[in-house]
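Look at the sequence and the structure below before reading on.

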Amino acid sequence: MKVHCQTCPNKNCLIKKNGLTLEGLPHVEKKHTIHCKKSQNFIIEGAPVHGLYFVYEGKIKVGKTGINGREQIVRFAQDGEIIGHRGFGAGEFYQIHAVALEDSILCNFSTETMHEMLQTIPQLTYDLMLFYGEELNKSETKVRKFAQMTVREKVIDALLYIFRKFGQRENFLDIQLSRKEIADFAGTTDEQVIRVISTLKKEGLLITSGKKIGIHNVELLKKEIADHHFFLDS
């Protein structure tokens, strides 16, 4: 199935917002539609940069390889969001890897096509600049957060981020992540995540069923990290 920008439902996609003009349409038609199976790695860390990816449908995790080969999850992405921007225009190789958390559909614009679009659609260039500024702010905030939060607060912050990003369905977060993936995102260990989740469950703040996690009381969890002023949008 080839995805067409004209019929794309993702209103927040930068291409959807800016590409549907007479000058933009020729570039939009050059994109490639990629179908990824669950667990498929479609950006390999260290591989040559091949433009930007936009999530048409699905859930993605973006990570980097840390000390001793351990994965550090940088962010999660869903419908309409950008993947691969950390390598675009900054070097010849991707500094991150990206994996589909479920069967997903991606739109890929080559580096050459993106350059053409940015040079001919000023509003797209401006919106992308704002996006980079927002991403830089989030990255800097996350560095401070790692330094100042306790393990419990890091896990709570990670769960709230996932809640804001994906929401809940039938009382559970609308994405299934392993305890290790939560730990890789929160900047802690699997054992500590398991311990904190167990404690929060006993306190009546979370519910669990297998890998599934549900937030029972969002406001009480927010209060626990309110002093840090790190509660960012997804």
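Asn 171 is exposed, with a relative accessible area of 56%; exposed means over 50%, buried under 20% and partly exposed in between, with a 1.4 Å probe and protein chains only. Asn 171 sits in the loop between β9 and β10. Helices (H or I, at least four residues) and strands (E, at least two) are DSSP runs, numbered from the N terminus. The phi of Asn 171 is near 75°, a positive value in a residue other than glycine.

The model is predicted: local features need pLDDT of at least 70, side-chain atom pairs count only at pLDDT 80 or more, and totals for chains, interfaces and linings use all residues. Residues are numbered from 1 along each chain as its sequence is written, and side-chain values use heavy atoms, with hydrogens and water left out.

Glu 170 is also placed in the loop between β9 (168-169) and β10 (172-173). Its phi is positive, about 55°, although Glu 170 is not a glycine. At 68% relative accessibility, Glu 170 counts as exposed.

**Single residues and their surroundings**

| Residue | Relative accessibility | Class |
|---|---|---|
| Cys 13 | 8% | buried |
| Lys 30 | 42% | partly exposed |
| Glu 170 | 68% | exposed |
| Asp 184 | 2% | buried |

Cys 13 belongs to the segment before α1 (14-18). Leaving aside residues up to four places away in sequence, Cys 13 touches Phe 54 and Gly 80; contact means heavy atoms within 4.5 Å. Cys 13 and Phe 54 are 41 residues apart along the chain, and their C-alpha atoms are separated by 7.6 Å.

Lys 30 lies in the loop between α2 (25-28) and β1 (32-36). Not counting residues up to four places away in sequence, Lys 30 touches Thr 113 and Glu 116. The side chains of Lys 30 and Glu 116 are joined by a polar contact of 3.0 Å. A polar contact is a pair of N or O atoms within 3.5 Å; within protein, one must be able to donate a hydrogen and the other to accept it, and residues adjacent in sequence count only if both atoms are side-chain atoms. From Lys 30 to Pro 48 there are 18 residues in sequence and 20 Å in space, C-alpha to C-alpha.

α6 is mostly covered, with 7 of its 8 residues buried. These are Arg 179, Glu 181, Ile 182, Ala 183, Asp 184, Phe 185 and Ala 186. Which residue does the side chain of Asp 184 meet in a polar contact? The partner is the side chain of Arg 70, at 2.9 Å. Beyond residues up to four places away in sequence, Asp 184 touches Arg 70, Glu 71, Gln 72 and Ile 73. After α6 comes Gly 187, with a positive phi near 80°.

Two packed helices are described by the angle between their axes and the distance between the axes. Axes are lines fitted to C-alpha atoms, for helices over the stretch in contact, and angles run from 0 to 180 degrees between N-to-C directions. Helix α5 (residues 151-166) packs on helix α6 (residues 179-186) at about 105°, with the axes 9 Å apart. α5 and α6 are therefore roughly perpendicular to each other, a term for angles of 65 to 115 degrees. On α5 the contact is made by Lys 154, Val 155, Ala 158, Leu 159 and Tyr 161, and on α6 by Ile 182, Phe 185 and Ala 186. The residues of this contact divide into 7 nonpolar, no polar and 1 charged. Here Ala, Val, Leu, Ile, Met, Phe, Trp, Tyr, Cys and Pro count as nonpolar, Asp, Glu, Lys and Arg as charged, and the others, Gly among them, as polar.

**Helices α3 and α4**

Helix α3 (residues 111-120) and helix α4 (residues 122-148) pack at an angle of about 105°, their axes 5 Å apart. α3 is thus roughly perpendicular to α4. Met 117, Leu 118 and Thr 120 of α3 meet Pro 122, Leu 124, Thr 125 and Leu 128 of α4. By class, this contact has 5 nonpolar, 2 polar and no charged residues.

**Helix α8**

In helix α8 (residues 218-225), Val 218, Leu 221 and Ile 225 are buried. They cover an arc of only 65° around the axis, so they lie on the same side of α8; the arc is that of the directions from the helix axis to the C-beta atoms. The buried residues of α8 pack against α5, α7 (190-202), β11 (206-209) and β12 (212-215). Asn 217 caps the N-terminal end of α8, with a side-chain oxygen 3.4 Å from the backbone nitrogen of Glu 219.

How values were computed. Parallel < 35°, antiparallel > 145°, perpendicular 65-115°, else oblique.
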